[in-house]
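Visitor: I am new to this structure, and I would like to learn how the surroundings of a ligand are read. Could you take me through the case shown here?

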Amino acid sequence: MAGGTTILVGIGASPGIAIGRCWPVDRRKVRTPKRRLGPDEVEPELGRFRTALELSEAQLAEVRHKVAEAEGGSAGDHTAIIDMHRMMLKDEMLVLEVQKLVREERINAEWAVKRVVRKIKGAFSDAADEYFKERRADVDFVGERIIKNLLGQQVDVEEPPPEGAIVVAHDLAPADTALLLHERKVGALVTDAGAQTSHTAIVARALEVPAVVAVGRITTLADKGDWIIVDGARGVVIINPTAGERADYEVARERFLEHERELLRTRDLPAATEDGVTLRMAGNIEFAEEVPSLLNHGGEAVGLYRTEFLYLQREQLPTEEEHYQDARRILEALAPRPVTIRTFDLGGDKLPAGLRAHAENPALGLRAIRYCLRQPEMFRAQLRGLLRASVHGNLRIMFPMISGVAELRAARRVLLEVREELKREGQDLPLPPVGIMIELPSAAVIADRLALEADFFSIGTNDLIQYTIGIDRQNKEVAYLYKPLHLAVLRMLKNVCDAGRAAGIPVSMCGEMAGEPLYALVLLGLGLTELSMNGPSIPLVKRIIRAARADDGRLLLERLLALTAGDDIEREVKHEMSRRFGGLLEHDAQVGPVSG
Ligand code: PEP
Ligand code: MG
């Protein structure tokens, strides 16, 4: 673009600072021609459609091959997405419907594809849920590929971007993202569309490439070759920065990288306090592909594997065999370190369209363990797969959203039945430790009783705070009430940790609160035995713990519990943390200079 600097703000989807030249990837929507066919044109049109499908399949097979090669031959997250698109090409709902429209309404294939795509997308409903937005995007990507092939247009990213380029696009198809990130190390990704849970964001985070999504109009404002600064932590994009801004960000990037390198140098040291308390530092993962990044950041275990992502990426329930293979892959990569696999946290809106029932309050409805107990076949397939995989590593099974002892007992009963069944089939497997998420106030309040029947606890603060304070965690309007240091939350956390200690079972925390450096001393004071967070958060939290004393944490917690207002508690924590660990925290808070 000509002239001045433009500063845009989107969603920081993957942290890090990149400065590079704009490399636009044209993903603009293709214009669909509309035409009525003469009676003789119907058969040739069906032939054109068949050829376009075959061509699309061949292109996706080629992309898959390249990606699998880059991934060392393993079937990963990216290949799974590409396979899903290949399945869509064969889907009867798509193929038969298009053929029907061409035959019965005598319209050209491009038009028919467009209409069918719209209909399929409609089936994914208008739910605001990010996951379903993504599925609608998948249908679009596939439809667009077929239409472009019908029109003889370029389909895949033509020329790979040069190393360090800032890839700018309206949106990126999973196949594009996978190829862009695997073939060469791009500097960053910036897209007009997207969300925290979009494929671009997830894959960028897993591969540690800075990314900002939902910028809105980057494609209209940046031209090929423009200098762009991307601050992936804060979601800031600067087009044509001034010399001063560039210099500032160069310094900030160096500081950030040096800080990262410095933190990584000590990533393998244990999280042991000065007074001899050691916490296990674990990682939260959604895909097996995140394991290398977790280990590179000094992760000592998987504290939470959100298995529902296995299903949310596709429309068929994973089979027992798929559960087995997936769990085995992660267990083997971590062995002998522990891997806590959470059974499906599905339900409410977190389901493919066909299975969703309307519910006014999905967060309070049939979800997680309630849903699994209602779908015994689905639950059993997962438990059978997990038990069979347990011989390949150090597995712990965890049930989500347990509200009381009855649910825990019911879930455990299914697990025991499945184990007996496998035994009858000739596989006598030991029962792995069985724990529960503490993420409902009811569970937190009766933690002493639950502790007698669970082998471990893991506190899910994301939901615990939502349900305790009564605020929808997706709703921006009430986000200001989302306070991990609310006295009610602190009391619950203390109750859960005390109950775990009294019963002699380990207590972990796997909600976002666990990875926030500011809370490290409070968490030490609570006496948690494990913290589980995103891989990249581990080194800094470890560093703070190593510089801390658990005794100081206990004293701080005591002082906090004597206060009343959340603001006072927060102020006290900030004051204490900056007094003790000022240098370490400052760096975390100020990734780049605040410009513009
Ligand atoms: C939580 O609720 O804190 C948690 C870790 O689970 P999820 O974020 O998957 O609901
Ligand atoms: Mg939860």
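Predicted model: local features only at pLDDT ≥ 70, side-chain atom pairs only at ≥ 80, totals over all residues.

Visitor: How much of ligand 1 does the protein bury?

Guide: Accessible areas come from the Shrake-Rupley method with a 1.4 Å probe; ligand 1 taken alone exposes 290 Å², of which the protein buries 97%.

Visitor: What coordinates the magnesium ion, ligand 2?

Guide: Donors are N, O and S atoms within 2.8 Å of the metal (3.2 Å for Na, K and Ca), and sites may look incomplete because water is not among the atoms. Here Glu439 (OE) and Asp463 (OD) coordinate the ion at 2.0 to 2.1 Å. Glu439 lies in the loop between strand S14 (434-438) and helix H16 (441-445), and Asp463 in helix H18, so the pair ties together parts that are 24 residues apart in sequence; helices (H or I, at least four residues) and strands (E, at least two) are DSSP runs, numbered from the N terminus.

Visitor: Are Glu439 and Asp463 buried or exposed?

Guide: Both Glu439 and Asp463 are buried, which means under 20% relative accessible area, with exposed over 50% and partly exposed in between (1.4 Å probe, protein chains only).

Visitor: What should I keep in mind about numbering and confidence?

Guide: Residues are numbered from 1 along each chain as its sequence is written, while chains are lettered from A and ligands numbered from 1 in the order in which they are written. Local features need pLDDT of at least 70, side-chain atom pairs count only at pLDDT 80 or more, totals for chains, interfaces and linings use all residues, and side-chain values use heavy atoms, with hydrogens and water left out.
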